[in-house]
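Opening the notebook on this one.

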Amino acid sequence: MTIAWVIATVTIPASSIKAQDTPIPRVIDRRLQINLFAEDPDIVTPIGMAISADDRIFVIESHTHLRSKSYAGPTSDRIKVFVDRDNDGQFDQQSVFADGLREAMNLAFSPDGDLYVVCARTVVHLPDRNRWHASHHVVLQLETQERYAHNSLLGITFDKTGHMYVARGNTGSHVSHRRTGRIVSRSYGDGGSIIRSRRTEVEDGEFATGFWNPFDLKFDAADACWL
């Protein structure tokens, strides 16, 4: 419940919707609320979010995915951090945590507090040490024939033991290769799938398959994985 509320406050600038024919999101469940937390120009085109153990909100600001020729924004994706120090529902501080990313899709914190970001062809590791990152350590790489925009890595999450789960979109029945450290895994594209790795070092293989484009996934309190 809480996660859904925070995502709504970050990604839906309801007060900036002016078109009469554009429906404003509303909550049916009386236990939930939608409140504006950040909007343009503080955050534009948000596409993924993760919350650190100290309640900082990390958001991907997407500028490269399906970028049109007329788009005038930055030439790379970046991760912005928002901090609400007085807990009044409005951020007091914002900063750029990482820049220079391409086709960033999603992000998640591991149990040890490090940030991992899924880009279309890579998973990169950004240790969270409260500093700006310009370089990225690649821990997983996807190699497959390009067919359409979501033939790529899409989502990421961790279980309580530190296993990493990465969602992959449909490869259009083409063979794909994955590199995890020095290990190369090969699979035939029977749809989108979820890849599982042990602490990002050794791949266990496909955890689940047969999806289309599983963009996001999360574990609940009972350790069940949801897409």
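Predicted model: local features only at pLDDT ≥ 70, side-chain atom pairs only at ≥ 80, totals over all residues.

In which strand is Lys 80 found? I looked it up: Lys 80 belongs to strand β3, residues 77-83.

**Entry 1: the lysine**

Lys 80 is buried and has no salt bridge. The nearest side chain of opposite charge belongs to Glu 61, 4.1 Å away.

Next I looked for polar partners. A polar atom of the Lys 80 side chain sits 2.6 Å from the backbone oxygen of Asp 42. The side chain of Gln 94 makes a polar contact with the side chain of Lys 80 at 2.9 Å.

I then listed contacts, skipping neighbours within four places in sequence. Asp 42, Glu 61 and Gln 94 turn up again, and the list also includes Ile 43, Ile 57, Phe 58 and Val 59.

**Entry 2: the rings**

How many aromatic pairs does the structure hold? I get 6. One of them, Phe 82 with Phe 91, is edge-to-face, at 5.0 Å centre to centre and 70 degrees between the planes. Phe 82 counts as buried because its relative accessibility is 1%. Ring pairs also bring in Phe 37, giving a cluster of Phe 37, Phe 82 and Phe 91.

Tyr 116 is buried at 7% relative accessibility, and Phe 158 is buried at 10%.

Notes:
Residues numbered from 1 in each chain as written. Heavy atoms only, no water. Helix = DSSP H or I, 4+ residues; strand = E, 2+ residues; numbered from the N terminus. Buried < 20%, exposed > 50% of the residue type's maximum accessible area, 1.4 Å probe, protein only. Lys, Arg positive; Asp, Glu negative; His and termini not counted. Salt bridge = Lys/Arg side-chain N within 4 Å of Asp/Glu carboxyl O. Polar contact = N/O pair within 3.5 Å; in protein donor to acceptor, adjacent residues only side chain to side chain. Contact = heavy atoms within 4.5 Å. Phe/Tyr/Trp six-rings, centres within 6.5 Å; stacked < 30°, edge-to-face > 60°.
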